[in-house]
Amino acid sequence: MSSNDSIDRRQFLGKSSLIAAAAVGGAREASAQLNNSAAVNLKPVRLGFIGVGIRGTLLMEAAAGIAGVEIKAAADCYKGHLDAARELINPAPEVTGDYKAILSRPDVDAVVIATPDHWHLQMTQEALAAGKHVYIEKPMTHRWEDGEAFISAVERSGKVLQVGSQYMSMGAAQKAADFIKGGRLGQVTLVEGRFHRNSATGAWYYPIPPDASPTTVDFKSFLGSAAPRDFDLRRFFQWRLFWDYSGGLPTDLFVHIVTATHQLMGVSEPESVFSFGDIYHWKNYREVPDQMTSMVKYPEGFVLRLSSTASNGHPGPLLTVYGSEGTLEYTGSSFKYYYEPRTEAFGYSTHSWPKATTARFKELMNLTDNLTPLDGPVASEPVEYKSSDEDSTRAHVRNWIDAIRTGGKPIEDVRFGHHAALVGHMCNLSYKSGKPVRWNKATRKVEA
Ligand SMILES: NC(=O)c1ccc[n+]([C@@H]2O[C@H](COP(=O)([O-])OP(=O)(O)OC[C@H]3O[C@@H](n4cnc5c(N)ncnc54)[C@H](O)[C@@H]3O)[C@@H](O)[C@H]2O)c1
């Protein structure tokens, strides 16, 4: 195994240890305070975590800060992640290398699953069948065909399943959706979404911990039902680079944009998708493209253009929503709306007319000297909305915990999660075939 040449190792380690140190203090404090507090007067919700890598750790920290939540146990295939879970959470959860041991614990009411995508369906089915509520990370599915199996597993179980796209719970999400629904943008025909990065980590060449070896990594359990492979730490720690475990940019990053678009536009299912992608910049042993652009057509009458590159990180809003009467730039925690008065400027087309004809036209149409309507709409200042800063991951986990306590519906249910991931899978199918693909709403199947 050779390390990735593009990472400045010293710089990377320096930064990441600082961030880790800050996170450790925060989570310890939060969990010790809230879980031991006599003031907590809520029915406890006892959690087990399956997969406590990058995302699972953040989710544990978020859950530790929610009143009445107890973190009982964690499962993972890398010893270092289990050790870190015990360092981070107070009281320390019990840890295991076998996720089934979490599912059979009577003191676990609900599980958070943050494993690589190829495990999502099987673990969710087993957890629901064991009577646990489930928080399943995005993308919910690894193949579009798995969507219906998820739906029937949830319906059979009667348990609460939340799909983990925290963009749904971002501070400006509901306000922006209401703004668009209120008609301020006029007719929306185009939405553009972007998710760009420019670093080795952004391109998913995550560093491999120095203690990783067959003693500390259970590679066979990581593979699960995926194709058999020899022990390979790249596949284990950088699984997003390989099709067996990941859908690449569309299911990993586009899914956030698609989720936000479905939420803001109030739509759920696409009509057809066309994609271009390639491996342009990060060519080291990756299978999935490092750049992708896709167009998604919706039956409601608009197109979503998605793009992601791993070799440019120029900042921009997550979404730009273009309507006949205005434009909305949306980041998740804020939005900015620009009113666009529809003015006619007749000077452009009348420039080729004789002066007398133009003068007569001006008189007939009641125009200004600039040949614009005298009673045209007046431009206004942009409208800006900024939400307060609750961490969206914590808000999203809290929404799930509240739904478990009240028997209510979570904000991102199984159908929503299926349709958001479906668009990503269609992007990949189109990229691979070089042709558009269609979603047949009646048969609920993707057609080439
Ligand atoms: N919502 C978000 O913003 C967000 C961000 C990052 C990742 N994610 C999602 O979270 C999931 C995990 O991603 P990650 O970045 O944390 O990856 P990761 O590789 O850092 O962590 C995955 C963990 O799952 C463990 N695992 C694998 N197979 C297992 C098994 N059979 N039993 C128990 N544990 C097992 C691995 O040991 C690893 O620690 C992915 O589905 C990803 O798309 C979501």
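Okay, let's start with Trp239: one of its polar side-chain atoms sits 2.8 Å from an oxygen atom of the ligand, and a polar contact here is a pair of N or O atoms within 3.5 Å. Keep in mind that this is a predicted model, where local features need pLDDT of at least 70, side-chain atom pairs count only at pLDDT 80 or more, and totals for chains, interfaces and linings use all residues. Residues are numbered from 1 along each chain as its sequence is written, and side-chain values use heavy atoms, with hydrogens and water left out.

A backbone N or O atom of Cys77 is 3.3 Å from a ligand oxygen atom, while a side-chain N or O atom of Trp119 lies 3.5 Å from a ligand nitrogen atom. On its own, the ligand has 840 Å² of accessible area, and the protein covers 94% of that (Shrake-Rupley method, 1.4 Å probe).

How many residues surround the ligand? There are 29, counting those with a heavy atom within 4 Å. Asp76 and His81 are among the closest.

Now the sheet. Six strands form an open, parallel sheet in the order E3-E2-E1-E4-E5-E6; strands are DSSP E runs of at least two residues, helices are H or I runs of at least four, and two strands pair if DSSP finds at least two bridges between them.

Finally, E1 and E2 run parallel, joined by six bridges, and Ile50 has Ala75 in E2 as its bridge partner.

Key:
Polar contact = N/O pair within 3.5 Å; in protein donor to acceptor, adjacent residues only side chain to side chain.
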